[in-house]
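Trainee: Before we discuss this model, could you show it to me, so that I can ask what lies behind the labels?

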Amino acid sequence: MEAKFFRFLKIVGVGFKARAESEGRMLYLKLGYSHEVELTVPPAVRVFCFKPNIVCCTGLDKHRVHQFAAAVRSCKPPEVYKGKGIMYTDEVIKKKQGKKSK
């Protein structure tokens, strides 16, 4: 399968990891929950993990690749106070200031 469309996701956070198994058909995410998040990849999409914190979604259909990448991102969207979570590599998170002490 020749991949035309790519979507890279970056996982930010202590202990947050991803791994792909069975030729890119399953994606396992450790996101700080009590369990491991398990995602089944659609037939038109392949998933690769270059590092434990970089996930690449590739495929021939742009819509399906981006839809699956959005589904992965929705498991732990980036938060605005610490910047932890799953974000696209080209995404910029504008951080908010925390509480001010008197």
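Mentor: Let us begin with pairing: two strands pair if DSSP finds at least two bridges between them, and strands (E, at least two residues) and helices (H or I, at least four) are DSSP runs, numbered from the N terminus. This is a predicted model, in which local features need pLDDT of at least 70 and side-chain atom pairs count only at pLDDT 80 or more, while totals for chains, interfaces and linings use all residues. Residues are numbered from 1 along each chain as its sequence is written, and side-chain values use heavy atoms, with hydrogens and water left out.

Trainee: What makes β1 and β7 a pair?

Mentor: Strand β1 (residues 5–12) and β7 are joined in the antiparallel sense over four bridges, and since pairing asks for at least two bridges, the label applies. Within this pair, V12 stands opposite G85 of β7.

Trainee: Why are β5 and β7 called edge strands?

Mentor: The open sheet has four strands in the order β5-β6-β1-β7, with antiparallel pairing. The strands β5 (45–51) and β7 (85–88) each pair on one side only.

Trainee: Why is F8 called partly exposed?

Mentor: Buried means under 20% relative accessible area and exposed over 50%, with partly exposed in between (1.4 Å probe, protein chains only). F8, which is found in strand β1, has a relative accessible area of 33%, and is therefore partly exposed.

Trainee: And why does V80 carry that label?

Mentor: V80, placed in the loop between α1 and β7, has a relative accessible area of 30%, and therefore counts as partly exposed.

Trainee: Which residues does V80 touch beyond its neighbours within four places in sequence?

Mentor: Contact means heavy atoms within 4.5 Å, and by that criterion V80 is in contact with I93, K94, K95 and K96. The C-alpha atoms of V80 and T40, 40 residues apart along the chain, are separated by 28 Å.
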